[in-house]
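I am starting a page of notes on a structure that is new to me. The entries below record what I looked up, in the order I looked.

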Amino acid sequence: ARPREPLMSLSLSFEPLRTSHLEELASVLLHPAVYEHIEEAVPPLAQFTLGLERAIAGPGPSNVGEKWLNFLVRDSDDSMVGRLEATVHHGMAEVAFLFGPRYWGRGFASAGLSWLHDELSRCTSALEFWATTVPANVRCRRLLQRCGYGEAQLPAAPLHSYDPGDLVFRKRSAP
């Protein structure tokens, strides 16, 4: 097993996700462990690519007033380690993150989510951050709790990432 890299020594870079990243990102994320709590199976490359191309294109006419943010995360060796996303609507930001399994347990997701919070506070009017996960995804639940989220009830505004049975988490934006 690879030794854990302390969070303090992490040097991550973030950039807007582009279609030119998708093939390399697929090599990092299309892994059964990543999709264990998301889908019944790892999606085919074409489906993975199409979904991210739609996300990169941004909200359509039926999503007026929404802002979609998608970022690629790289480590100090310039290797892709995962992605971050946020959907901003109704004064809140729904956040999500996917990192390759070889980067789990090393602080990358915590550092990435912290960066995303700062970025959202800087460039949006989101007052709260929201996330959802299935109860069985203990790793995700613990990450959200480490990053200052607490379990919450569904808000009045719809959560696009919510599916019946999901746990809902909320974090207030820093003033």
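At what angle do helix α1 and helix α3 pack, and how far apart are their axes? I note first that this is a predicted model. I find that α1 (residues 22-29) and α3 (residues 45-57) pack at an angle of about 120°, with their axes 10 Å apart. That angle makes α1 oblique to α3, since only angles of 65 to 115 degrees would count as roughly perpendicular and those over 145 as roughly antiparallel. I also looked up the hand of the crossing of α1 and α3, and it is right-handed.

Next I listed the residues in this contact. From α1 I wrote down L22, L25, A26 and L29. From α3 I wrote down L45, F48, T49, L52, E53 and I56.

**Entry on β4.** I wanted to know how many residues of strand β4 are buried. I count this strand, residues 92-99, as mostly covered, with seven of its eight residues buried.

I checked the partners of β4 in turn. Strand β3 (residues 80-89) pairs with β4 in the antiparallel sense over eight bridges. In this pair I see L84 opposite F97 of β4. β3 and β4 form a hairpin with two residues between them. In that turn I noted H90, which has a positive phi of about 50°.

With strand β5 (residues 128-133), β4 pairs in the parallel sense over three bridges. Here I find M92 standing opposite E128 of β5. I followed the chain from β4 to β5 and saw that it crosses through helix α4 (residues 108-123), and that this β-α-β crossover is right-handed.

**Entry on β5 and β7.** Last, I looked at how β5 pairs with strand β7 (residues 167-172). The two pair in the antiparallel sense over six bridges. I marked W130 as standing opposite R170 of β7.

How values were computed: Residues numbered from 1 in each chain as written. Predicted model: local features only at pLDDT ≥ 70, side-chain atom pairs only at ≥ 80, totals over all residues. Heavy atoms only, no water. Buried < 20%, exposed > 50% of the residue type's maximum accessible area, 1.4 Å probe, protein only. Helix = DSSP H or I, 4+ residues; strand = E, 2+ residues; numbered from the N terminus. Pairing = 2+ DSSP bridges. Right-handed = clockwise from strand over helix to strand, strands pointing away. Axes fitted to C-alpha atoms, helices over the stretch in contact; angles between N-to-C directions. Parallel < 35°, antiparallel > 145°, perpendicular 65-115°, else oblique. Left-handed = near helix turned anticlockwise from the far one by under 90°. Contact = heavy atoms within 4.5 Å.
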